[in-house]
Every structure is written in C-alpha cells, then in structure tokens.
Amino acid sequence: MGLFNVTHPASFFLTGIPGLESSHSWLAGPLCLMYAVALGGNTVILQAVRVEPSLHEPMYYFLSMLSFSDVAMSMATLPTVLRTFCLNARNIAFDACLIQMFLIHSFSMMESGILLAMSFDRYVAICDPLHYATVLTNQVIAGMGLAVTVRSFIILFPLPFLIKRLPICRSNVLSHSYCLYPDMMKLACADITINSIYGLFVLVSTFIMDLLFIFLSYVVILHSVLAITSREERLKALNTCVSHILAVLAFYVPMIGVSTGHRFQKHVPRYIHVLMSNIYLFVPPVLNPLIYSAKTKEIL
C-alpha cells in the first residue's frame, strides 16, 4: 500500500493549443465536424459490414475492427477535448485522467495490431490466393482480433500504476486537451527512469515491431507482384493494397512524430509537438472511413 502513498494532485489542468487560447471557441466547430465524420463514417462501415453479405470477407472483418478502434479512440478523447474547447472546462480528476490515458494508448495499440493483421490479410490474398479462404477462416480472424485486444490490455496495464507510484508536485498542467502517458510522467518530481524505460519498451515491442512486420510483408508482396507477367494483373493486385498503405501512413507518420517529439522536446517547438499529437489522435479516425469508402463500392 505504501507504494502509492505519494503526493498526487486532485486534478490536472488540460491545455488546448498554446498561443491560440483566444481562438478555442472558433476551433470547436472544426473539431466537432471531425468527430462527426469519424463517428459517422466508421459507424457506416460497421453497419455496412454487418448487413451486406458481399462484405462478409476477411478483409472487411478486419476493416470493421479498424473502424471499431477508431470509434473507441474518438469516444475516449471526445469528452475532454470538447469540454476544453467548447466550455473552457479544463479540469480533469486524477483517476479520470489515468483511465483516459489507458484507453487512448490501448485503442492506439489495438489499431496498430489491426493494421498488422490487415497486412497479413493482403499478404495471403496476393501471395497465396488459392489458400486464402482456408487460412483466414472466421475462427482465425476472431483469434487475431482477440490477440490484438489482449496484447493491448496486458502490455499497457502497468501504465496507470507506474504513474501512481510517482509524486506529482512539479505542476498539474498537461500539454494537451487529453491525458497521455509521457505528458503525465514528466510532471513528477522524482526519478522517472523506470517509466521512461517501460514506455520505450512498449513503443519498440509493439508499434515498431508491428511497423517492421508490415514493411516486411509488403516487401514480399511487392516481390510476388513483380513476378506477375501481366501488367494489368500487377496493377490490380497493387490496387487492393492502396487503402491499407494509406491507412498505415495516416497512423504511423504522426505517431512517430509524437514519439520523437516527446523524447527530444527541448529541440522541438511546443506548438509543433501539440499539432502532431492532435493529428495522431484525430486524423486517422477521420481519414480511414474516407479512404476505404472511396475504394470500396459496396460501402457507398
């Protein structure tokens, strides 16, 4: 019990966009629009996959998982973001902040795992099409989805406790309108080496490894596509990967920017860091339904 008998603030003070405090009420409109597109677009995909028999295929099951994680991510950030920008209500209770932090990082890790599963789907579809239906059965797909969820919970379960063990007395002002693990731990007036090492372990063992396997899968896919003699067939095969590649870029590019910014914060202007964090959380849930709807006629 004594492990958590340290000083914690009753609440944290959330921040919008530094330098644009007077414009927060004007930014509320675009933010509400982004949330509406993210929630509406991903809900349409979930409903379309549920009711349209032609979408009862592995690729679309994975897409519905991606849409679910995007909806969950949007719901995790929506309460504090809208309170900060619309109502100028910036306080969040300490325990509520821990819960939001855990949810944001969990759904983010789930999305990374789903993108990896989708790359495996494209690998089997292009490199071993004759066994596609036998390899990616409903049981296998459900197992992959469960594995992605369990991985996120187990690996991120220690994060709230690693924060609770720290005395937070330097400040209670966070850098964003939501709670993130690196942001919270830097407010501690104690050694955060263990927190930093575990955070780096999470980043490398999940996000970086997922990205590496996605890259390797596309190396193999490209090799197989180049072996196809017909130019038309090559383009058709590559075209099935375009949506996934765009989704991967939309997720990983800002994520890498955020992770780099947190570790080299002294050399990065604060507004750049905040901007990258907002892009990382808000843009993929908005872009993913637009990307896949544009490429999938059955969803339209």
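Which residues line the second largest cavity? Select Asp70, Met73, Ser108, Glu111, Phe251, Tyr280, Leu281, Pro284 and Pro285 to see that lining. A cavity here is a set of points, on a 1 Å grid over the protein atoms alone, where a 1.4 Å probe fits but cannot get out, and lining residues have an atom within 4 Å of a point.

Before going on, note that this is a predicted model, in which local features need pLDDT of at least 70, side-chain atom pairs count only at pLDDT 80 or more, and totals for chains, interfaces and linings use all residues. Residues are numbered from 1 along each chain as its sequence is written, and side-chain values use heavy atoms, with hydrogens and water left out.

Now colour the second lining by helix (a DSSP run of H or I, at least four residues, numbered from the N terminus). Helix α11 gives the most, four residues. The volume, meaning the space filled by probe spheres set on the points, is about 40 Å³.

Next, select Leu31, Met34, Tyr35, Ala38, Ser74, Leu281, Phe282 and Val286, which line the largest cavity. α1 (24-51) and α11 (270-295) each give two or more residues to this lining. About 50 Å³ of space lies inside the largest cavity.

Finally, show helix α2, residues 58-87. Just after α2, Asn88 takes a positive phi of about 55°.

Methods. The expected span of a helix is 1.5 Å times one less than its number of residues. On a 1 Å grid over the protein atoms alone, a cavity is a set of points where a 1.4 Å probe fits but cannot get out, and a pocket is an open set with protein on both sides within 12 Å along at least five of seven lines; lining residues have an atom within 4 Å of a point.
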